[in-house]
Amino acid sequence: MDSKEYVKSLIAKAKIAQQKYEQFNQAEVDVVVREIAKVVFDNAVELARMAADETRMGVFEDKIKKNQGKAKILWHSLKPKKSVGIINRNEETGIVEIAKPVGVVGAVTPCTNPIVTPMCNAMFALKGRNAIIIAPHPRAKRCGKYTVELFNKALEKYNVPENLIQIIEEPSVELTNELMKAVDVVVATGGMGMVKAAYSSGKPAYGVGAGNVQCIVDRDVELKEAVPKIIAGRIFDNGIICSGEQTVIAPEEDYDKIIEEFKMNGAYYIDDKDEKEALRKVLFVDGIMNKDVVGQSVQKIAEMANLDIPKDTKVILVEADGIGTEDILCKEKMCPVIAAFRYKEFSEAVSIAQANLDVEGKGHSVCIHSNNTANIEYAGVNLTISRLLVNQICATSNGGSFFNGLAPTTTLGCGSWGNNSVSENVDYKHFINVSRIGYFIKDAKVPGDEELWGE
């Protein structure tokens, strides 16, 4: 069977399943969505082991935390949401909103998140009474297939129609492209090439922009609290999270003190010219991130760069020689390496962050450690970002947390800055159509011309 016929068969089965599933009521839908999360939560260790072994990147223990944590926060967020029938009635405007499925969702998932991204996409799709077909990264096809098998086995007891969740078992670029052209809606999480292909598929698509999270440290923070958070975010799953902290932008007068705090928390600091250059050559090949260092341990990175680091080193902290295009270390580094910068006025810190984002990561996120509301909101107003995370571990909180109001997700929209269709965390609401009834408002007050145009 050629690729077009194979995808056509998947779509045909998905449509039959979706039409049956569309008859489920809200309570029945929510039982199904809960079960998806519970499968990953209950099998977190086994799935983490499979993902680490197959992809050969990241940290097994962190993948367990990710599987458990994401399952919990996603279900907690989706549990009370209405997604079937009338979901909102506004007496003041006379608008009644009715949720309806989008149909068949095509989900392109990455090898950096081979378990929780399929889980997240499936939960969103099924919350809206859609079917879903997953196109996994070839480097994560076995753990993806097994995860979908677990989903389907768990859903049997709820009389869920067969083929509601499907996966391409032998993924390829050709099959993924065919899938994106055939489904009703595409969600693409992964490399920018695949995201661009999703937007070129001719179907409505949600994608992500490149990560390169800048981290600003304000003058008024407790360093013993801020620095461990920054390190925790940078090293989580060996740095493969798109929301992971990439830089530390520190006040000039406190720079040395901040560096010392990093060292006390397991950082190996580089300000030597030769060591910097050795690190650059390992991290980037012809200006592009070296695929052989993605998700690798700090010890392996150091070995590849011939750096002699202590055995208990957690992260490499390197002094940058410029901002933006002046130093390649300003780009995203998908491993436990973080670049350091100095600033004088707070406005300069924001300018440094923006210069680095202009090279890579525009539209994604910045995190800030500050207790100064004016500075926080200055950064929010002036940076081309979709999220500004305050006093949190960005890698594990930017995609939603119990401690912030961001929608839990694994797909972080980056707006027009990142060539994306949305500048928010992609959520279940992006996988429902909404019909609106507009009632006549008989007591509506119509302003006169003087009231309307008068100054």
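**Exposed loop asparagines and a buried parallel strand**

Asn306 is exposed, its relative accessible area being 71%. In this predicted model, the residue belongs to the loop that lies between helix 12 (298–304) and strand 13 (315–319). The phi angle of Asn306 is near 55 degrees, a positive value in a residue other than glycine. A phi value near 55 degrees, likewise positive in a non-glycine residue, is found for Asn159. Asn159 is situated in the loop between helix 6 (141–155) and strand 5 (165–167). With a relative accessibility of 66%, above the 50% cut-off, Asn159 therefore counts as exposed.

Strand 4 (residues 131–135) is mostly covered, with five of its five residues buried. Burial extends to both faces of the strand: Ala131, Ile133 and Ala135 are buried on one side, and Ile132 and Ile134 on the other. Strand 4 runs parallel to strand 3 (residues 104–108), to which it is joined by five bridges. Within this pairing, Val105 has Ile132 of strand 4 as its bridge partner. Strand 3, helix 5 (residues 116–127) and strand 4 together form a right-handed β-α-β unit.

Strand 4 is also joined to strand 5, through three bridges and in parallel orientation. Here, Ile134 has Ile167 of strand 5 as its bridge partner. The chain passes from strand 4 through helix 6 to strand 5, in a β-α-β crossover that is right-handed.

Helix 6 additionally packs with helix 3 (residues 44–55), at an angle of about 160 degrees and with the two axes 8 Å apart. Because angles over 145 degrees count as roughly antiparallel, helix 3 and helix 6 are assigned to that class. From helix 3, the residues Glu46, Leu47, Met50, Ala51 and Glu54 take part in the contact, and they meet Lys141, Arg142, Cys143, Tyr146, Thr147 and Leu150 of helix 6. Classified by residue type, this contact of helix 3 with helix 6 comprises six nonpolar, one polar and four charged residues.

Methods
Residues are numbered from 1 along each chain as its sequence is written. This is a predicted model: local features need pLDDT of at least 70, side-chain atom pairs count only at pLDDT 80 or more; totals for chains, interfaces and linings use all residues. Side-chain values use heavy atoms; hydrogens and water are left out. Helices (H or I, at least four residues) and strands (E, at least two) are DSSP runs, numbered from the N terminus. Buried means under 20% relative accessible area, exposed over 50%, partly exposed in between (1.4 Å probe, protein chains only). Axes are lines fitted to C-alpha atoms, for helices over the stretch in contact, and angles run from 0 to 180 degrees between N-to-C directions. Angles under 35 degrees count as roughly parallel, over 145 as roughly antiparallel, 65 to 115 as roughly perpendicular and the rest as oblique. Contact means heavy atoms within 4.5 Å. Ala, Val, Leu, Ile, Met, Phe, Trp, Tyr, Cys and Pro count as nonpolar, Asp, Glu, Lys and Arg as charged, and the others, Gly among them, as polar. Two strands pair if DSSP finds at least two bridges between them. A crossover is right-handed if, with the strands pointing away from the viewer, the path from the first strand over the helix to the second runs clockwise.
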